Amino acid sequence: MPIVDGYGRRLSTLRIAVTSECNLRCVYCHREGEVYDSDRRGDASIDELLSIVGIGVELGLDRVKLTGGEPLLRRDIVDLVSSIHGLKGVEEVSMTTNGVLLSDYAYKLAEAGLKRVNVTVNTLDRDTYRMITGFDLLHRVLDGVESAIEAGLNPVKINMVLLKGMNEDDILDMARYAAKVGAILQVIELERAGVADGWVYDRLHVPLDRVEDLLSRISVDMYYRGIHSRPRYILPDGVEVELVKPMHNPDFCRYCDRLRVTSRGELKPCLLRYDNHVDILKAIRSGADREYLRKLFLEAIARRKPYFL
Ligand code: SAM
């Protein structure tokens with residue numbers, strides 16, 4: 001039976017940051033809502049993550065999304081995917097990656113049971129990519145997207161965070177690229193979190209209204225997709241463009257189906273809240289039994305409160 005929180009929201013996804021390490025330095029990164037400190041304790045092991053996922057599955061969370069940092073920096077990432085995929089009750093394992101290492105891993109991940117990937121490609125312009133990420137690696141990322149599609153990690157979604165003065169006029173180019181390679185374009189509004197808190201957010205945030213207007217004018221169809229009920233537009237060449245509007249949008253919270261696990265192994269009820277984590281990895285490392293871990297999960301679920309009501 002799927003578990004429902006105090007606001008009537010059904011939980012189905014565990015979003016796990018499997019490492020805090022990253023090989024890019026994106027100027028806007030929310031770091032999955034993590035605040036780094038010096039109290040690092042090392043990434044959770046595969047067995048520790050399996051304990052966490054196992055309890056999630058018992059409570060009805062049957063989808064797992066692996067994120068980071070950059071998940072492909074974990075040396076055991078293929079084993080991790082295959083172990084989670086092998087857990088009874090897990091319906092889908094997916095990943096969000098910056099794509100830099102994806103061409104090396106796409107086939108191995110598909111074989112291990114990874115169903116699909118989101119790849120972060122904010123621009124097709126080499127200089128802008130370097131400006132956003134700090135590295136001249138766009139070519140590697142584009143190779144990664146193609147490898148993922150060839151390996152069948154479909155639907156491949158291109159994550160494009162809209163950034164003022166950087167890529168806000170690139171929607172149509174990105175949509176053409178998605179159509180060419182056979183991917184879905186996901187345009188994401190910048191969230192105020194992590195590096196993108198304070199002045200970075202003020203400087204780079206741009207509402208998606210203009211994109212919405214543009215897509216409404218040129219699309220041939222539109223619907224609200226899936227659990228998250230996000231607007232998805234179908235363009236004349238068949239490519240689909242989905243909008244993610246997290247800021248000041250009660251619907252974003254209303255349809256939130258996820259519980260996060262930080263790279264420190266804490267259950268994190270909400271991306272934008274920093275003060276309500278439940279430290280499940282500490283409990284696992286001090287030998288807590290399954291019943292106690294289940295209680296921690298229920299506590300984290302009880303702490304889920306919509307950020308935008
Ligand atoms: N390194 C991986 C990647 O690039 O996909 C996984 C971690 S990254 C934090 C996950 C996704 O969050 C990426 O698509 C990234 O662009 C997006 N993201 C990061 N900071 C964001 C922010 N402030 N607002 C919206 N999306 C953000």
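1. Gly 152, which comes after helix H5, has a positive phi, near 85 degrees. The model is a predicted one, in which local features need pLDDT of at least 70 and side-chain atom pairs count only at pLDDT 80 or more, while totals for chains, interfaces and linings use all residues. Residues are numbered from 1 along each chain as its sequence is written, and side-chain values use heavy atoms, with hydrogens and water left out.

2. Helix H5 itself covers residues 138-150, and its 13 residues reach 19 Å from the first C-alpha to the last, close to the 18 Å expected at 1.5 Å a residue (the expected span being 1.5 Å times one less than the number of residues). Helices (H or I, at least four residues) and strands (E, at least two) are DSSP runs, numbered from the N terminus.

3. Among the buried residues of H5 are Leu 138, Val 141, Val 145 and Ile 149, where buried means under 20% relative accessible area, exposed over 50%, and partly exposed in between (1.4 Å probe, protein chains only). The cover over the buried residues of H5 includes helix H3 (102-112), strand S4 (116-120), helix H4 (126-133), S5 and helix H6 (171-181).

4. Around the ligand there are 20 residues, of which Tyr 28, His 30, Thr 96, Thr 120 and Glu 191 are the closest; a residue is near a molecule if one of its heavy atoms lies within 4 Å of it. Strands S3 (92-97), S5 (157-162) and S6 (184-189) each supply at least two residues of this shell.

5. The ligand taken alone exposes 540 Å², and the protein buries 95% of that, with accessible areas coming from the Shrake-Rupley method with a 1.4 Å probe.

6. Ser 94 belongs to strand S3 and counts as buried, at 2% relative accessibility. Its side chain makes a polar contact, at 3.4 Å, with the side chain of Lys 65 (a pair of N or O atoms within 3.5 Å; within protein, one must be able to donate a hydrogen and the other to accept it, and residues adjacent in sequence count only if both atoms are side-chain atoms).

7. Ala 283 sits in helix H10 (residues 280-285) and is buried, with a relative accessible area of 8%. Not counting residues up to four places away in sequence, Ala 283 touches Ala 288, Tyr 292, Leu 293 and Leu 296, contact meaning heavy atoms within 4.5 Å.
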